[in-house]
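Hello,

Here is the structure I promised to pass on to you. Have a look at it first, and then read on for what turned up in it.

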Amino acid sequence: MGSNPVQLDAEQASLTNAQFECGVQYELWDPPGAVTADQRTMAHLEQAGKNLHFDDDVVVSEPGFHQPYVQVRGEFMLQLADGSTVRDDGPDGRLVEGKLMVIIPHTCFSDPLPLLGVRKGKFSTDAQPVMQFRLLNDGWHFTQLVH
């Protein structure tokens, strides 16, 4: 996975509080705003954050989430952690479930950002991403994240 960039479309990546605060300092996004009616706190995304392929305002707090998270869209280098599970997906396919991290080339993100998995149709910090791979003539290729 780490040899070529992968296109991500509207995936959610978790931020540590330190990474969030660093993003405020570097004007990637604004400081958090007021709590909304649905109990969410958001931070408006600035152009510098958009330039890094963050795609929507940062969710600083939301019921059911313990850390800030942000949407990513674009081509990214990815890193798959050890301990993933692999299962068959037909004769020429595999599904890999495990901790998948996005590499963001910025001083605030010296540690890659973990992608959120999907459980019951919603992004969740308790779910690991599931990646689909297909066997082609020249070997195994990542095809998509499964939701």
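Strand 11 and strand 12 (residues 139-146) pair in the antiparallel sense, with seven bridges between them. Two strands are said to pair if DSSP finds at least two bridges between them, and the strands themselves (E, at least two residues), like the helices (H or I, at least four), are DSSP runs numbered from the N terminus. Within this pairing, Phe 133 has Phe 142 of strand 12 as its bridge partner. The link from strand 11 to strand 12 is a hairpin of two residues.

Before going further, a note on the source: this is a predicted model, in which local features need pLDDT of at least 70 and side-chain atom pairs count only at pLDDT 80 or more, while totals for chains, interfaces and linings use all residues. Residues are numbered from 1 along each chain as its sequence is written, and side-chain values use heavy atoms, with hydrogens and water left out.

Strand 11 (residues 130-136) also pairs with strand 6 (residues 93-97), again in the antiparallel sense, over five bridges. Here Val 96 has Met 131 in strand 11 as its bridge partner.

Apart from neighbours within four places in sequence, Leu 135 is in contact with Asp 92 and Trp 140, where contact means heavy atoms within 4.5 Å.

Now for the whole chain. It has two helices and twelve strands, and from the N terminus on the order is β-α-β-α-β-β-β-β-β-β-β-β-β-β. The radius of gyration is 16 Å, close to the 15 Å of the globule rule for 147 residues, so the chain is as compact as a globular protein of that length. That radius is taken over C-alpha atoms, and the rule is 2.2 Å times the number of residues to the power 0.38. The C-alpha atoms fill a box of roughly 50 × 30 × 25 Å along the principal axes.

Of the 147 residues in the chain, 37% are buried. Among contacts between residues at least 6 apart in sequence, 51% join residues at least 24 apart.

Enjoy exploring it!

Best wishes

Definitions and conventions:
Buried means under 20% relative accessible area, exposed over 50%, partly exposed in between (1.4 Å probe, protein chains only).
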